[in-house]
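Here's a quick tour for anyone meeting this structure for the first time. Have a look at the picture, then read on.

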Amino acid sequence: MSWTARLAELGVALPPVAAPVAAYVPAVRSGQQVFTSGQLPFVDGALAATGKVGGDVSPEEAKAHARTCALNALAAVDALVGLDSVVRVVKVVGFVASAEGFTGQPAVVNGASELIGEVFGDAGRHARSAVGVAELPLGAPVEVELIVEIGE
């Protein structure tokens with residue numbers, strides 16, 4: 001089964017590629033890898049939420065936003081090389097705008113990791129970083145980037 005067919009089976013549609021908010025491109029291919037830029041939780045061209053996780057944004061809401069970020073990253077991969085060319089997800093990096101004292105970053109970034117697992121199965125088993133930060137672009141609560149390996 002192709003990855004696009006798997007998305008359809010899950011009832012998930014890739015969004016349009018989010019427009020960059022500065023001087024970069026959504027994704028770059030280097031050899032057999034694609035690196036996405038950090039993706040924010042844009043839905044229909046608008047940021048879905050702003051604020052700090054553990055403050056203005058609950059961890060559960062942030063987890064859902066991390067899933068949205070991962071979908072946006074997959075859309076960037078798809079636009080560059082086609083999602084079905086992915087042979088494995090290598091790494092997920094999640095940044096969480098954290099209120100003082102918030103230490104639940106791994107649970108938030110699980111929103112991205114769980115989506116990757118649903119779509120790619122064993123090929124989605126990845127290395128990961130979940131990093132708490134003071135601020136993210138545009139006041140977003142979460143940002144996610146991917147590294148994927150593609151076939152020949």
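## Before we start

Ala, Val, Leu, Ile, Met, Phe, Trp, Tyr, Cys and Pro count as nonpolar, Asp, Glu, Lys and Arg as charged, and the others, Gly among them, as polar. This is a predicted model, where local features need pLDDT of at least 70, side-chain atom pairs count only at pLDDT 80 or more, and totals for chains, interfaces and linings use all residues. Residues are numbered from 1 along each chain as its sequence is written, and side-chain values use heavy atoms, leaving out hydrogens and water.

## The largest pocket

By class, eight nonpolar, three polar and one charged residues line the largest pocket. (A pocket, on a 1 Å grid over the protein atoms alone, is an open set of points where a 1.4 Å probe fits, with protein on both sides within 12 Å along at least five of seven lines; lining residues have an atom within 4 Å of a point.) Among the lining residues are P15, P16, F42, D44 and L71. Helices (H or I, at least four residues) and strands (E, at least two) are DSSP runs, numbered from the N terminus.

## Two loop residues

V21 sits in the loop between α1 (3-10) and β1 (27-30). V21 counts as partly exposed because its relative accessibility is 42%. (Buried is under 20%, exposed over 50%, partly exposed in between, with a 1.4 Å probe and protein chains only.)

G55 lies in the loop between β4 (46-47) and α2. With 53% relative accessibility, G55 counts as exposed. G55 and A75 are 20 residues apart in sequence and 30 Å apart in space, C-alpha to C-alpha.
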